[in-house]
2 protein chains.
Amino acid sequence: MKSRTMVILALLILTAGCGAPVDDGRGAAAADPLPSWNAGPTRDAIVAFVARVTDPASSGFVPEAERIAVFDNDGTLWCEQPFYTQLAFALDRVRAMAPDHPEWAGDPVLAAAAAGDVNGVLAEGEKGLLKVVMVTHAGTTTDEFAGLVSTWLAEARHPTLGRAYTRTVYQPMVELLAYLRGAGFRTWIVSGGGVAFMRPWSEAVYGIPPEQVIGSRIATAFELREDGPVIVRKPELAYLDDKEGKPLAIDAIIGRRPLAAFGNSDGDLAMLQWTTAGAGPRFGLLVHHTDAAREFAYDRASHVGRLDKALDEAAAHGWTVVDMQRDWTTVFPPDS
Amino acid sequence: MKSRTMVILALLILTAGCGAPVDDGRGAAAADPLPSWNAGPTRDAIVAFVARVTDPASSGFVPEAERIAVFDNDGTLWCEQPFYTQLAFALDRVRAMAPDHPEWAGDPVLAAAAAGDVNGVLAEGEKGLLKVVMVTHAGTTTDEFAGLVSTWLAEARHPTLGRAYTRTVYQPMVELLAYLRGAGFRTWIVSGGGVAFMRPWSEAVYGIPPEQVIGSRIATAFELREDGPVIVRKPELAYLDDKEGKPLAIDAIIGRRPLAAFGNSDGDLAMLQWTTAGAGPRFGLLVHHTDAAREFAYDRASHVGRLDKALDEAAAHGWTVVDMQRDWTTVFPPDS
């Protein structure tokens, strides 16, 4: 049994090798690993970078252990408009919890949240957001919270796209994740969103296991209860994984500088700067939301996912900028 | 070239499979994966646990992705007596830096440290330790600090064992790490020691890559300098990865409950409680330092690595307790 498993494993690896998505310069691979990417400079830049670091004969060859690629989540791997999915979760939680909290009626932010009035919540800026997150994301054990996220995701639908949130992921980026893993990369999420909100589904949706998800965190406490120890979530921000917080979290948690970083907003600027300043071949990519017909078009003036400074710096750093309208044959996976 | 690499890779995996260290119940494996472990209940408990979670026919079978084992470092994987290796590093750093800091002469802790007087440093308790760590571990970039650690380790010798610190690792535990990895586990360090102090050598010495090392951390800052971005270490504790901090860090960073936890002191108690309270087969192990002749004998009364409460709880939880004198044929690797 044991050796049969090993043979199957070896065959799988051989198969992966035969179909390896590295352009060898002699023509197209048997199966296109990036079918949702149009031919052109963006796709070429991705494929050339991967070929450069994976070809043992290349001066830019990098051993597999060091092939780390980091991805922002909101706006880079899945849709973040008209507002972050995690905020939609929080609003629905407020609504579900409100009957047990009559005192919330006197609080403008929580009353707005209970009424599903996003603008009312955002009217108070970050303070309003933080309040909504704290009352909805704390007070449970970590296991209970993971269950709440999974239950909500199974039912909730995107307000304008009408599909499950796990189907608002970008098909070309899902292909890119698999393509990089096929080339020996380990793919990580480094997101401003909550790590506990992403982990329950990151493996099924992106193929990214929980231990490769970095995000913002609230404080937790260890409690010995009668039926055993639990970890309880507390209404207190422990880490904001945004802007400079991203390279600092990469250093603290991964402990290596990534080879490649993928983002879409100024919140990803420091992560791209840190990644691409490393020695040897590095790759930075920004997803530019240019497609109002198929998704949303936004950049410098957007409150959610503003892309301004990072877009200005892209050319000087040699970062690749995805033009969604031009570069992607399709945006979302089939709505199953 | 490509397909040849794959064939070699496949052969390596097949070879690994043939020599797989899982006891199949039909006799000893071709090569003993744990040669430094004496036969007896401790070794049997380890082997039985690994067989149970890796045998697809076992009711306790666990998929590879969930096979996570966490190890304390000081006193579990390497020697922590007569004081932590990281403190030896800090003292040597104080001595090296002292000529540039005449003001330290007036500080009892730093003056003691500069004179190599450990007891003088410890006389002020945790405060003294923290002061010595802050002046020696902050003020550099992360890259510079990694270089300082590597340079020091290449030269420094253990005060009583007379060997390089990287040769004060426990040979039986190094074998155990490799044995678990051979059985599909990923091995992590979860240590009260500094993560930046361990990462420069954890891969070479333990086979544990930087991204699987969790430890205490000081604060860091992202700085854009003229020649590019750097991460600077600040004299401020960001996370103390000890006691309850261990399961909380496991939850925050790994995001899964480990299957097995290995420690040696009360600082590991919460990590063992959290790990072994999970559903299905779990394994907890404590290294009990019983061997004054070959290493050091200490437990309930020791200031470094006190093992008291955790020893009391071991039986009730079914944790395995290593008796170093009885269970290990050898303690250290050859002193090369």
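In this predicted model, the C-alpha centres of domain 1 and domain 2 of chain A sit 27 Å apart. Domain 1 of chain A is made of two stretches, 27-82 and 166-327, while domain 2 of chain A covers 85-155. Where the two meet, 15 residues of domain 1 of chain A touch 14 residues of domain 2 of chain A. On the domain 1 side, the elements giving two or more residues are β2 (186-194), α9 (195-206), β3 (213-225) and β4 of chain A. Of these, β4(A) puts in the largest share, six residues. Sorted by class, that side of domain 1 of chain A comes to nine nonpolar, four polar and two charged residues.

Now for Val132(A), which is part of helix α6 (residues 125-137) of chain A. Val132(A) has 24 other C-beta atoms within 10 Å, so it counts as buried. Setting aside neighbours within four places in sequence, its contacts are Ala90(A), Val94(A), Val109(A), Ala113(A) and Val121(A). Leu110(A) is 22 residues away from Val132(A) in sequence, yet their C-alpha atoms are 6.7 Å apart.

Over in chain B, α3(B) packs on helix α6 (residues 125-137) at an angle of about 60 degrees, with the axes 9 Å apart. That angle is why α3(B) is called oblique to α6(B). The crossing of these helices, α3(B) and α6(B), is left-handed. From α3(B), the residues involved are Ala90(B), Arg93(B), Val94(B) and Met97(B), and they meet Val132(B), Val133(B), Val135(B) and Thr136(B) of α6(B). The contact of α3(B) with α6(B) splits into six nonpolar residues, one polar and one charged.

Another helix pair turns up in chain A, where the axes of α10 (residues 245-254) and α11 (residues 269-276) come within 7 Å and cross at roughly 50 degrees. The pair α10(A) and α11(A) is therefore oblique too. On the α10(A) side the contact uses Lys246(A), Pro247(A) and Ile250(A), and on the α11(A) side Ala270(A), Met271(A) and Trp274(A).

As for helix α11 (residues 269-276) of chain B, eight of its eight residues are buried, so the helix is largely enclosed by the rest of the structure. The buried set in α11(B) consists of Leu269(B), Ala270(B), Met271(B), Leu272(B), Gln273(B), Trp274(B), Thr275(B) and Thr276(B).

Further along chain B, Val331(B) comes in the segment after α13 (324-327). Val331(B) is classed as buried because it has 21 C-beta neighbours inside 10 Å, and the cut-off for that class is 20 or more. Not counting residues up to four places away in sequence, Val331(B) touches Tyr170(B), Gln171(B), Asp291(B), Arg294(B), Glu295(B) and Met324(B). Trp78(B) is 253 residues from Val331(B) along the chain, and the C-alpha atoms of the two are separated by 9.7 Å.

Some backbone details are worth a look as well. In chain A, the peptide bond from Gln81(A) to Pro82(A) is cis, with omega near -5 degrees. Pro82(A) belongs to the loop between β1 (68-71) and α3 (85-97) of chain A. Chain B has a cis peptide bond between Gln81(B) and Pro82(B), where omega is about -5 degrees. Pro82(B), for its part, is in the loop between β1 (68-71) and α3 (85-97) of chain B.

Lys243(A) is not a glycine but has a positive phi, near 50 degrees. This lysine, Lys243(A), is in the loop between β4 (228-239) and α10 of chain A. With 17 other C-beta atoms within 10 Å, Lys243(A) is partly exposed. In chain B, phi of Lys243(B) is near 50 degrees, again a positive value in a residue other than glycine. Lys243(B) lies between β4 (228-239) and α10 (245-254) of chain B, in the loop that joins them. Lys243(B) counts as partly exposed because it has 17 C-beta neighbours inside 10 Å.

Definitions and conventions. Residues are numbered from 1 along each chain as its sequence is written. Chains are lettered from A and ligands numbered from 1 in the order in which they are written. This is a predicted model: local features need pLDDT of at least 70, side-chain atom pairs count only at pLDDT 80 or more; totals for chains, interfaces and linings use all residues. Helices (H or I, at least four residues) and strands (E, at least two) are DSSP runs, numbered from the N terminus. A residue is buried if 20 or more other C-beta atoms lie within 10 Å of its own, exposed if 12 or fewer, and partly exposed in between; C-beta atoms are placed from the backbone. Two residues are in contact if their C-beta atoms, placed from the backbone, lie within 7 Å. Axes are lines fitted to C-alpha atoms, for helices over the stretch in contact, and angles run from 0 to 180 degrees between N-to-C directions. Angles under 35 degrees count as roughly parallel, over 145 as roughly antiparallel, 65 to 115 as roughly perpendicular and the rest as oblique. Domain bounds come from an automatic or database domain assignment. Ala, Val, Leu, Ile, Met, Phe, Trp, Tyr, Cys and Pro count as nonpolar, Asp, Glu, Lys and Arg as charged, and the others, Gly among them, as polar. A crossing is left-handed if the near helix is turned anticlockwise from the far one by less than a right angle, and right-handed if clockwise.
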